[in-house]
Amino acid sequence: MLKIRALALSVAAVTALTLLVGCGGGAADTKTLEDAQAKITALEAKGLPPSELSMAKVHLSTAKEALEKRNNPQLKKALPALAGELDKAQKYYDEQVSTLPPKIDAAKATAVKAKDEYKLTGFQVKKIDSTVAVIDSLKKIDRPVQANNVAQALVALLPSLRDDEAKANSIRNKVPGQWLFKDQAKSVEHKEVNAIEQKLFTFGPGNKAYLVESKKGQSGPFLKEDWEFRSWGTYDFMGDTVMLMINRFQIFKQDFHRFYPAEKAWKLERQPTYDSTITDGSQDRSISWYDLYESKDFKKVK
């Protein structure tokens, strides 16, 4: 049905172009070229390869130049050539598109089957589901070429998703618990600098995550910090990376002391605190297994 409708439109478009060739009217010729440009733009949007439209663009450019210079002989020569190239491009598109639906469906089926075959979980499953949704959206807006490109790319990605699942399984039982990062700021030049920064990540039952990040002490010759941020959410795995989906973020404390040399005084500059529900993913984070364990920056304390 798609092929028949598209072919009918092609014949109508070529007929209109052919009829207008002999008119010689400036307004009619302008409309003809506008329609031709719209046709090229539509075919490009549908995913027709640029090589199939190159000659049509050449003839369109020639026709536009001829119209601008009122070169009627050149215009009458360019318009039929343009109509012919558009017809060829449309036929090529129709022939290619007619073969795509079964290819797209087969690729989708392969990807969906892989979820069970490879026993995929977490972000590996999300990758397949979100990509299938994109394919369906492209089909819905009549972009079968793009839909097929995405579908074939998804099939090519399946071995990587299988490998990512193996990586996730290798760390899945090692992540739960509490992980502590602790760092102390020091300065040889300024002995008074001595601030402690901590991150305590708790990965609990039911894939619940709770993060507490804080810093306290003098971090520079003119600055003292005392702040604490808390985050709640869930976690899952994308390969050997822990993905944190934060749904609540709280600035529990945010106090800064700054030293003003002219006054020889420290002054408290207290910033606002708040507790917010997060729905847009703006606080989502990730931490690789390397950073959590292999780098030795974190230590599992519970």
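**Figure 1. Pairing of strands E1 and E2.** Gln 184 has Ile 196 as its bridge partner in E2. The strands concerned are E1, residues 177–186, and E2, residues 194–203, which run antiparallel and are joined by 10 bridges. Two strands are taken to pair if DSSP finds at least two bridges between them. Strands (E, at least two residues) and helices (H or I, at least four residues) are DSSP runs, numbered from the N terminus. The model shown here and in the other figures is predicted: local features need a pLDDT of at least 70 and side-chain atom pairs count only at pLDDT 80 or more, whereas totals for chains, interfaces and linings use all residues. Residues are numbered from 1 along each chain as its sequence is written, and side-chain values use heavy atoms, with hydrogens and water left out.

**Figure 2. Pairing of strands E2 and E3.** Strand E3 covers residues 208–220 and pairs with E2 in the antiparallel sense over 10 bridges. Within this pairing, Gln 198 is placed opposite Ser 214 of E3. Ala 195, in turn, faces Gly 217 of E3. In a regular strand, side chains alternate between the two faces of the sheet.

**Figure 3. The turn between E2 and E3.** The hairpin formed by E2 and E3 has four residues between the strands, and in it Gly 206 adopts a positive phi near 70°. Asn 207 lies in the loop between E2 and E3. Although Asn 207 is not a glycine, its phi is positive, at about 60°. Asn 207 counts as partly exposed because its relative accessibility is 29%. On this scale, buried means under 20% relative accessible area, exposed means over 50%, and partly exposed lies in between (1.4 Å probe, protein chains only).

**Figure 4. Strands E3 and E4.** Strand E4 comprises residues 223–238, runs antiparallel to E3 and is joined to E3 by 12 bridges. Tyr 210 has Trp 232 as its bridge partner in E4.

Figure 5. Ala 45 belongs to helix H2, which spans residues 26–45. With a relative accessibility of 30%, Ala 45 counts as partly exposed. When neighbours within four places in sequence are left aside, Ala 45 is in contact (heavy atoms within 4.5 Å) with Arg 143 and Gln 146. Gly 47 is located in the loop between H2 and helix H3 (54–68). Not counting residues up to four places away in sequence, Gly 47 touches Val 145 and Gln 146. Gly 47 counts as partly exposed because its relative accessibility is 21%. The C-alpha atoms of Gly 47 and Ala 27, which are 20 residues apart along the chain, lie 31 Å from each other. For Ala 45 and Ala 168, 123 residues apart along the chain, the C-alpha separation is 39 Å.

**Figure 6. Arg 70 in the loop between H3 and H4.** Arg 70 occupies the loop that links H3 to helix H4 (72–97). Its phi is positive, at about 55°, although Arg 70 is not a glycine. Arg 70 counts as exposed because its relative accessibility is 74%.

**Figure 7. Ser 295 between helix H8 and strand E9.** Ser 295 is located in the loop between helix H8 (289–294) and strand E9 (298–300). A polar atom of the Ser 295 side chain lies 3.0 Å from the backbone oxygen of Asp 291. Ser 295 counts as buried because its relative accessibility is 18%.

Figure 8. The protein contains eight helices and nine strands. Its mean pLDDT is 90, and 92% of the residues reach 70 or more; pLDDT is the predictor's confidence in each residue, from 0 to 100. Over residues 1–25 the pLDDT is below 50, and this stretch has 22 contacts in the model beyond near neighbours in sequence. Taken along the principal axes, the C-alpha atoms fill a box of roughly 90 × 60 × 35 Å. Of the 302 residues in the protein, 35% are buried. Among contacts with a separation of 6 or more, 58% involve residues 24 or more positions apart.

Definitions and conventions
A polar contact is a pair of N or O atoms within 3.5 Å; within protein, one must be able to donate a hydrogen and the other to accept it, and residues adjacent in sequence count only if both atoms are side-chain atoms.
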